[in-house]
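This report describes the fold, the packing and selected local features of one protein chain.

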Amino acid sequence: MLLKLLGGLLGAKRRAAPPGALDDRSPEEGLRNEAEALERAGRLDDALERYRAWAHLDPRAVDAWLGAGNVLADRWSIPEALEAYRAALRLRPDSPTILSGILFFSHYLTPADPATLFDLHRRYGEMMRRRHPPRAGATAVAPDPGRRIRVGYVSPNFSRHSVGYFIAPVIAAHDRRRFEVYCYYTHRLSDDATARIRASADGWRDVATASDDALDALIRDDRIDVLVDLSGHCKGNRLAVFARKPASLQVTWLGYPDTTGLDAIDVRITDGIADPAPEADARHTERLWRVDGTFLAYEPPPDSPAIGARRGGMPVVFGSFNHAAKLNEPTITLWAEILARVPESRLVLKSGLFDHAVTRDRVVECFERHGVAVERIEVEGWRADRASHLSLYGEIDIALDTYPYNGTTTTCESLWMGVPVVSRAGRVHMSRVGTSILRCAGLDELVADSDAQYVERAVALARDERRRTVLRATLRDRLRASPLLDHAGFTQRLEQCYLRCLRTGRDDDRAD
């Protein structure tokens, strides 16, 4: 596969770069500047050619391989992207940032291999133990019984981001008689959601430019008792700070569908459906704390449009608004079968990656290879306006969840907008979030345990217009009455977890 990454470079003719992109200091620097400018312009194939050419001229240029990996991921070439990241890791084997990227993108591979994923996470943990062994005189501060418990949430996504929609109601609902909430915001972006979350916090720290050592010291100075990671191995994570153990109790939750691999993180918040015992416990370095009901507290956008009515007797429209990286050929094979069994039906896909023509074309061509006429596929790109994004659900009858990496925000949004979701359940957390959400909403009949059942349930719902009409009229109220929107109740259960774990540590024998 690495040869494929380098293929076609020898003797390749260089195209003209955008104005100002060339740097004459060296051929490598010129290629780098061209590649980065082309990537910013959305010309992914041209950018990839430049990154590959740069890697050919200087095979030890780590950034050339990383740049190629980023472009390959954006153009819906995840296996090749991972090969490029692995090449970068071979050049810099002690880089936790590169290994984090490999861990993140490995979840998009099909089929998912839980054992391999766990081994990779443990490798990350071992790397971080070597880099950050326990330090003398740097013991985390024990909770002071004379004051409120201080909880610190660390995230780059206190904004109009999927994580923001789930953490905002929790920060607002914390019992201020017993808890004091600090937010460590590791991104420069500020929007209306950022302002609302900041207003709900007792302490706000803008730490986008803070070094790991500086953030570690700040958290210790703030005397945080419970430090909560909301990123896992996603971009912008600060796991290197958690590896330093600045708080008595360290927790990971929400932003990542797997273990962190860090022994320094004590607990991972989940539920019994998303991570069934005992299988899931064996694949985590953290203690799994299974919250009753669901591990999510969803906050629908306050400017949500009304649910759009669908005209009776019209061809069925399926939809998936999940990130395009979650699409894969096995899932497209199932969707093609569903479309074949529901004549005149269409499929609407929406993802920011479809703003790239090459990505859009590659996905549509995959459907064509599986016998789906191009006119039955509608592809939508990014919509910055949230109301416009949500209004697109008004054109959808049934949402099809991705597999093995289920949707989370998209599933909640879909139900909120009156669109039922058919989900395929698997063995690991990322393949069971759809099941957790749907069962929480009392929609067990929309969960499938096999590929064949997934197709059958989607087709049966497509043929049952009356059932779809009832669901469209009742799903929003059903969601309102579910634990997903019980922000106060969920936050109380989360607080109980924090308090009990502070008393007993990660080896609490709480019954699952």
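This is a predicted model: local features need pLDDT of at least 70, side-chain atom pairs count only at pLDDT 80 or more; totals for chains, interfaces and linings use all residues.

Val 151 has Val 226 as its bridge partner in β4.

This pair belongs to an open sheet of seven strands with parallel pairing, in the order β3-β2-β1-β4-β5-β6-β7. At its edges are β3 (203-206) and β7, each of which pairs on one side only. From one strand to the next, the twist averages 25°.

## The six-stranded sheet

A further open sheet has six strands, paired in parallel and ordered β10-β9-β8-β11-β12-β13. Its edges are formed by β10 and β13 (447-448); each has a single partner strand, so one side of each lacks a neighbour in the sheet.

Strand β9 (residues 346-350) is largely enclosed by the rest of the structure, because four of its five residues are buried. Four bridges connect β9 in parallel to strand β8 (residues 317-320), and Phe 318 has Leu 347 of β9 as its bridge partner. The chain passes from β8 to β9 through helix α12 (residues 329-341), and this β-α-β crossover is right-handed. A right-handed β-α-β unit is made by β9, helix α13 (residues 357-369) and β10. Helix α12 lies across β8, β9, β10 and β11 (398-400), and runs at about 145° to β9.

In soluble globular proteins, nonpolar side chains tend to be buried together. In this model, the largest nonpolar core has 100 residues, and those with the most contacts inside it are Tyr 153, Phe 158, Ile 167, Trp 253, Phe 318 and Tyr 498. Helix α8 (residues 162-173) supplies the largest share of this core, seven residues. A second, separate core has 60 residues, including Leu 48, Phe 105, Leu 215 and Met 430.

The surroundings of Phe 158 can be listed in detail. Not counting residues up to four places away in sequence, Phe 158 touches Tyr 153, Ile 167, Ile 171, Cys 183, Tyr 184, Tyr 185, Thr 194, Ile 197, Trp 204 and Leu 230.

## Two buried polar residues

His 233 lies in the loop between β4 (226-229) and α11 (239-242). Its relative accessibility is 2%, so His 233 counts as buried. The His 233 side chain makes a polar contact of 2.6 Å with the side chain of Ser 100, and reaches the backbone oxygen of Thr 260 at 2.9 Å. With neighbours within four places in sequence left aside, the residues in contact with His 233 are Ser 100, Leu 103, Phe 104, His 121, Tyr 124, Leu 239, Tyr 256, Thr 259 and Thr 260.

Ser 304 is located in the loop between β7 (287-290) and β8. Because its relative accessibility is 18% and the limit for a buried residue is under 20%, Ser 304 counts as buried. The side chains of Ser 304 and Trp 416 are joined by a polar contact of 3.1 Å. Residues up to four places away in sequence not being counted, Ser 304 touches Leu 390, Trp 416 and Arg 476.

## Backbone features

Most residues other than glycine have a negative phi, and most peptide bonds are trans. Cis peptide bonds are found at two prolines discussed here. One joins Ala 277 and Pro 278, with omega about 0°; Pro 278 is in the loop between β6 (267-270) and β7. Another joins Tyr 403 and Pro 404, with omega about 10°, and Pro 404 is in the loop between β11 and α15 (409-416).

Positive phi values occur at Arg 223, near 55°, and at Leu 254, near 85°. Arg 223 lies in the loop between α10 (212-221) and β4, whereas Leu 254 is found in the loop between β5 (249-252) and β6. Arg 223 is partly exposed, with a relative accessible area of 33%; Leu 254 is buried, with a relative accessible area of 16%.

Technical notes
Residues are numbered from 1 along each chain as its sequence is written. Side-chain values use heavy atoms; hydrogens and water are left out. A nonpolar core is a set of buried Ala, Val, Leu, Ile, Met, Phe, Trp, Tyr and Cys residues joined through side-chain atoms within 4.5 Å. Buried means under 20% relative accessible area, exposed over 50%, partly exposed in between (1.4 Å probe, protein chains only). Contact means heavy atoms within 4.5 Å. Two strands pair if DSSP finds at least two bridges between them. A crossover is right-handed if, with the strands pointing away from the viewer, the path from the first strand over the helix to the second runs clockwise. Axes are lines fitted to C-alpha atoms, for helices over the stretch in contact, and angles run from 0 to 180 degrees between N-to-C directions. A polar contact is a pair of N or O atoms within 3.5 Å; within protein, one must be able to donate a hydrogen and the other to accept it, and residues adjacent in sequence count only if both atoms are side-chain atoms.
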